[in-house]
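Hi,

Here is the structure I promised to send over. Have a look at it first, and then read my notes below.

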Amino acid sequence: MSIVNTVLGPRESSELGFTLSHEHILLSSAGIEDTFPEFIDKEFAIEEGIRQLSEAKAEGVDTIIDLSTMDLGRNVRVIEEVAKGSGVNVVVATGTWLDIPRSFAASSPDEIAPLYVREITTGIQGTGIKAGVIKVANEPEVSEAGEIILRAAARAHQRTNVPIYTHTMAKNRVGERQIEIFTDEGIDLNRVCIGHSNDSTDIGYLTGLMDKGAWLGLDRYPGQGVTWQERTEVLFKLIQAGYGTRMMLSHDWSVAATMMTKQRLTERPLTNPDNYLFITRNVLPMLTELGASQGQIDALMVDNPKHFWDGGS
Ligand SMILES: [Zn+2]
């Protein structure tokens, strides 16, 4: 058992319950809120976040991991309101996404790691709300600046024991390079989840990451490029091959996103009318139909997230 920081305070890992491992509520960019607040409809994000997550809670979702970082316009006060209003636990992240600040690119991992550590141990932006996970992102490959961020994340993990969750471009096998760097940093890959892995249907790539000891985040549903049914078929094959205790599922959903074009925002509800419930309403029934047991589904949704935080298996 371990303690997980959530936006409303510490929880025991056993209290996480049914967990979506990679979601968002409000997505924006660093500095917009301070400089151009009228660009962000926070009221909408809060109201719609509470509406969608209350619906999710009513259908069994207990916890979401909100992997928004500073460079994704993370707003922990908005997340706090949504958690209070919906009753869903939300774990918030420190770390860095793809918009790596140039100031970080000019720094060393040892200068950045303490910043992440402070967000885990003291709090985010003076709120006392503490991060429960470290996010890193590399796309299309691991750049020089990306490597600095990966090493900073590894060192912040070593000092706090908080797990690391990555964004990858799976078709470029970015997870392999991330693992090389984490291995070079000497961290336990059992505390690392390689995310966006279900953008790939390459079973060899996926099992290779898990064989090295990392978790897989199959965290894009319904996703683009690969259909949600293909994603689920690959998932079922991996369960049959014995990897059902090494994967977590999620949507990478958000209720408000200033970084998406109006067209994309209009189209999104057409491909996913179920928002945070797409997995519950579509993927899990399909898994059952393919032959997965309730125990195998509980592993994906309940046990594996708990073990990811505990460091158990
Ligand atoms: Zn995301």
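Which residue just after H2 takes a positive phi? That residue is Gly-60, with a phi of about 105°. Before the rest, two words on conventions. This is a predicted model, in which local features need pLDDT of at least 70 and side-chain atom pairs count only at pLDDT 80 or more, while totals for chains, interfaces and linings use all residues. Residues are numbered from 1 along each chain as its sequence is written. Helices (H or I, at least four residues) and strands (E, at least two) are DSSP runs, numbered from the N terminus.

**The sheet**

An open sheet is formed by 8 strands in the order S3-S5-S6-S7-S8-S9-S10-S11, with parallel pairing; two strands pair if DSSP finds at least two bridges between them. At the edges are S3 (19-23) and S11 (247-249), each of which pairs on one side only. From one strand to the next the twist averages 25°.

S3 and S5 run parallel and are joined by 3 bridges, with Glu-23 opposite Asp-66 in S5. S5 also pairs with S6 (residues 89-96), in the parallel sense over 4 bridges. Here Asn-89 in S6 is the bridge partner of Thr-63, and Ile-65 stands opposite Val-91. Thr-63 and Ile-65 point one way from S5, Ile-64 and Asp-66 point the other way, and all are buried (buried: 20 or more other C-beta atoms within 10 Å of a residue's own; exposed: 12 or fewer; partly exposed: in between; C-beta atoms are placed from the backbone).

H12 (residues 294-310) lies across S3, S9 (192-194), S10 (215-218) and S11, and runs at about 120° to S11. Axes are lines fitted to C-alpha atoms, for helices over the stretch in contact, and angles run from 0 to 180 degrees between N-to-C directions.

The 17 residues of H2 (residues 42-58) should span 24 Å at 1.5 Å a residue, and the end C-alpha atoms are 24 Å apart, which agrees; the expected span is 1.5 Å times one less than the number of residues. Its buried residues are Ala-45, Ile-46, Gly-49, Ile-50, Gln-52, Leu-53 and Ala-56. They pack against S4 (26-27), H3 (76-86) and S12 (256-257), where two residues are in contact if their C-beta atoms, placed from the backbone, lie within 7 Å.

Among the buried ones are Ile-148, Ile-149, Leu-150, Arg-151 and His-157. The buried residues of H6 pack against S6, H4 (102-105), H5 (109-121), S7 (133-137), S8 (164-167) and H7 (174-184). Just after H6, Asn-161 has a positive phi of about 70°.

**Helix pairs**

The axes of H5 and H6 come within 8 Å and cross at roughly 45°. That makes H5 oblique to H6; angles under 35 degrees count as roughly parallel, over 145 as roughly antiparallel, 65 to 115 as roughly perpendicular and the rest as oblique. The contact includes Ile-112, Ala-113 and Tyr-116 of H5 and Ile-148, Ala-152 and Arg-155 of H6.

H8 (residues 203-211) packs on H9 (residues 228-243) at an angle of about 45°, with the axes 11 Å apart. That makes H8 oblique to H9. Ile-203, Leu-206, Thr-207 and Met-210 of H8 make the contact with Val-234, Lys-237, Leu-238, Ala-241 and Tyr-243 of H9.

**Backbone details in the loops**

Two cis peptide bonds deserve a look. One joins Glu-139 and Pro-140, with omega about 0°, and Pro-140 is in the loop between S7 and H6. The other runs from Tyr-221 to Pro-222, with omega near -5°; Pro-222 sits in the loop between S10 and H9.

Arg-173, in the loop between S8 and H7, has a positive phi near 55° though it is not a glycine. Arg-173 is partly exposed, with 17 other C-beta atoms within 10 Å. His-196, also not a glycine, has a positive phi of about 60° and is found in the loop between S9 and H8. His-196 is buried, with 25 other C-beta atoms within 10 Å.

Best wishes
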